[in-house]
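Let us take a friendly walk through a protein model together. Have a look at the sequence and the 3D picture before reading on.

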Amino acid sequence: MRLPLLLATLLLVAPLSVANAAETALTATRVIYPGEAIEAGAVTEVALRNPKRRSAFDGAVATSLVEVEGKVAKRTLLPGRPIPIAALREAWLVEQGKAVEAHFNAGVLSISATVVALQSGSAGDLIRLRNPDSGKSFSGTVMGDGTVLVGPAQ
């Protein structure tokens, strides 16, 4: 007799806890300016005042620290307002106008050169580069270590 009662209680309480967890969002504790990296102390988790508006924010605002920590603001984030995911980007590993190491690999042939980035980019981005000696421009993919991989098909 106790098992069905316990099971019924769990079935009634579980959806409530999931609904309450979904009604929170992250907000800035201070003004975060464009280009500024977001740290854990700059955000706080708050409950949304009007849960009926939650459907307007589904998937559009940050709900956990993992989604925002280490990212960079694309626009000004104001205190007390939910942080839109679209207002964040990954930190640049390669910055426009800076020297970067480019690597070309084809079989056993491996060539490395210092080039100038014509665009900023994070890991996985395809960016334009320029060889300062020849003046030639070409594309390469930014790697996780901050170098750029140039392939024969690029």
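A salt bridge is a side-chain nitrogen of Lys or Arg within 4 Å of a carboxyl oxygen of Asp or Glu. By this rule the count in the protein comes to 2 salt bridges, and we will visit both below. Before that, a word on the model: it is predicted, so local features need pLDDT of at least 70 and side-chain atom pairs count only at pLDDT 80 or more, while totals for chains, interfaces and linings use all residues. Residues are numbered from 1 along each chain as its sequence is written, and side-chain values use heavy atoms, with hydrogens and water left out.

Start with the overall plan. The protein has 2 helices and 9 strands; here helices (H or I, at least four residues) and strands (E, at least two) are DSSP runs, numbered from the N terminus. Along the sequence, the order is α-β-β-α-β-β-β-β-β-β-β. Of the 154 residues in the protein, 27% are buried. Buried means under 20% relative accessible area, exposed means over 50%, and partly exposed lies in between (1.4 Å probe, protein chains only). Contacts, meaning heavy atoms within 4.5 Å, also tell us how the chain folds back on itself: among those with a separation of 6 or more, 42% link residues 24 or more positions apart.

Glutamate 23 gives an example of two places meeting across the sequence. This residue sits in the loop between helix 1 (2–21) and strand 1, and its C-alpha atom is 5.8 Å from that of alanine 47, although the two are 24 residues apart along the chain. Glutamate 23 counts as partly exposed because its relative accessible area is 22%. Threonine 24 belongs to strand 1 (residues 24–28) and counts as buried because its relative accessibility is 13%. The side chain of threonine 24 makes a polar contact of 3.4 Å with that of glutamate 45. A polar contact is a pair of N or O atoms within 3.5 Å; within protein, one must be able to donate a hydrogen and the other to accept it, and residues adjacent in sequence count only if both atoms are side-chain atoms.

Now for the salt bridges. In one of them, the side chains of arginine 30 and glutamate 36 meet at 2.8 Å, N to O. Arginine 30 is partly exposed at 34% relative accessible area, and glutamate 36 is partly exposed at 22%. Another joins the side chains of glutamate 90 and lysine 71 at 3.4 Å, N to O. Glutamate 90 lies in the loop between strand 4 (88–89) and strand 5, and lysine 71 in the loop between helix 2 (54–57) and strand 3 (72–73), so the pair ties together parts that are 19 residues apart in sequence.

What about the nonpolar interior? A nonpolar core is a set of buried Ala, Val, Leu, Ile, Met, Phe, Trp, Tyr and Cys residues joined through side-chain atoms within 4.5 Å. The largest such core has 13 residues, of which Ile32, Ile38, Val68, Leu77, Ile83 and Leu88 touch the most other members. A second, separate core of 10 residues includes Val94, Ala117, Ile127 and Val150.

Next, turn to the sheet. Strands of a sheet pair through backbone hydrogen bonds, either parallel or antiparallel. Two strands pair if DSSP finds at least two bridges between them. In this protein, a closed barrel of 5 strands runs 5-6-7-8-9, with mixed pairing.

Strand 5 (residues 99–106) and strand 6 (residues 109–117) are antiparallel partners over 8 bridges. Within this pair, valine 100 stands opposite valine 115, and histidine 103 has serine 112 as its bridge partner. The hairpin of these strands has 2 residues between them, and there glycine 107 takes a positive phi near 65 degrees. Strand 6 is also joined to strand 7 by 2 bridges, running antiparallel, with valine 116 opposite arginine 130.

Finally, find arginine 128 in strand 7 (residues 126–130). Arginine 128 is partly exposed, with a relative accessible area of 35%. Leaving out residues up to four places away in sequence, arginine 128 touches Ala117, Leu118, Gln119, Ser137, Phe138 and Ser139. One of these, phenylalanine 138, is 10 residues from arginine 128 in sequence and 5.7 Å away in space, C-alpha to C-alpha.
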